[in-house]
Amino acid sequence: MQNAVERELEVKLVLSPERSVPVPARLSYFTDDPYAVHITFHIGSESPVHWTFARELLVEGAFRPCGHGDVRIWPTKVEDQGVICVALTSPDGNALLEVPSAAVTAWVERTLVVVPPGTESTLLGLDGALAELLTPLPADDLWMGDPWSQDEPKDGEA
């Protein structure tokens, strides 16, 4: 059974130091993908823009700068308001977003209640899948048994 933790919010797309535009967004977390967070931006185009990255990155980025490459996150203040900056880089371009800290941290805390840190792997069913994969089948007895059966005469015996 999949559980979801979602939150609609408005983020600011920073165009320049003096100008930003509001962008509706949705934060999503799904228990069947327990290591990831998903952000969907509704930018007025035919289809929304989707980004997926590690939940741990967002958890850490709420408190200190982290990430490298395509996703970088850090906390700061803008006009005395706490925000989390999210810098996204792709072959299509770069984006700097300001996300309200209070909304993001409350949402992240909800995901941590649903799936506490360190328990993500239990939701993936890896132990059960690995056990199933390694469980011998009846036909495996032919390959796992002793090829030189005790019942048959050995070379040189009549």
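Strand 8 gives the largest share of the lining of the largest pocket, 4 residues. Strands here are DSSP runs of E with at least two residues, helices are runs of H or I with at least four, and both are numbered from the N terminus. This is a predicted model, so local features need pLDDT of at least 70 and side-chain atom pairs count only at pLDDT 80 or more, while totals for chains, interfaces and linings use all residues. Residues are numbered from 1 along each chain as its sequence is written, and side-chain values use heavy atoms, with hydrogens and water left out.

- Strand 5 meets strand 6 (residues 71–78) antiparallel over 3 bridges, and C66 has I73 as its bridge partner in strand 6.
- Strand 6 and strand 7 are also antiparallel, with 8 bridges between them; W74 sits opposite C85 in strand 7.
- The hairpin of strand 6 and strand 7 has 2 residues between the strands, and E79 takes a positive phi near 50° there.
- Strand 7 and strand 8 run antiparallel with 8 bridges, T89 being partnered by N94 in strand 8, and a hairpin of 2 residues links the two strands.

**Pocket and cavity**

- On a 1 Å grid over the protein atoms alone, a cavity is a set of points where a 1.4 Å probe fits but cannot get out; a pocket is an open set with protein on both sides within 12 Å along at least five of seven lines, and lining residues have an atom within 4 Å of a point.
- The largest pocket holds about 270 Å³, where a volume is the space filled by probe spheres set on grid points joined across faces, edges and corners.
- Its lining has 14 residues, and F41, V49, W51, L88 and A95 lie nearest the centre of the pocket.
- The pocket lining splits into 9 nonpolar, 4 polar and 1 charged (Ala, Val, Leu, Ile, Met, Phe, Trp, Tyr, Cys and Pro count as nonpolar, Asp, Glu, Lys and Arg as charged, and the others, Gly among them, as polar).
- The whole structure has 1 cavity of 30 Å³ or more, and the largest cavity takes up about 90 Å³.

- T111, in helix 2 (residues 101–114), counts as buried at 0% relative accessibility; buried means under 20% relative accessible area, exposed over 50%, partly exposed in between (1.4 Å probe, protein chains only).
- Leaving aside neighbours within four places in sequence, T111 is in contact with V5, Y29 and R55, contact meaning heavy atoms within 4.5 Å.
- P100, in strand 8, is partly exposed at 31% relative accessible area.
- P100 and Q81 are 19 residues apart in sequence and 7.9 Å apart in space, C-alpha to C-alpha.

Key
Two strands pair if DSSP finds at least two bridges between them.
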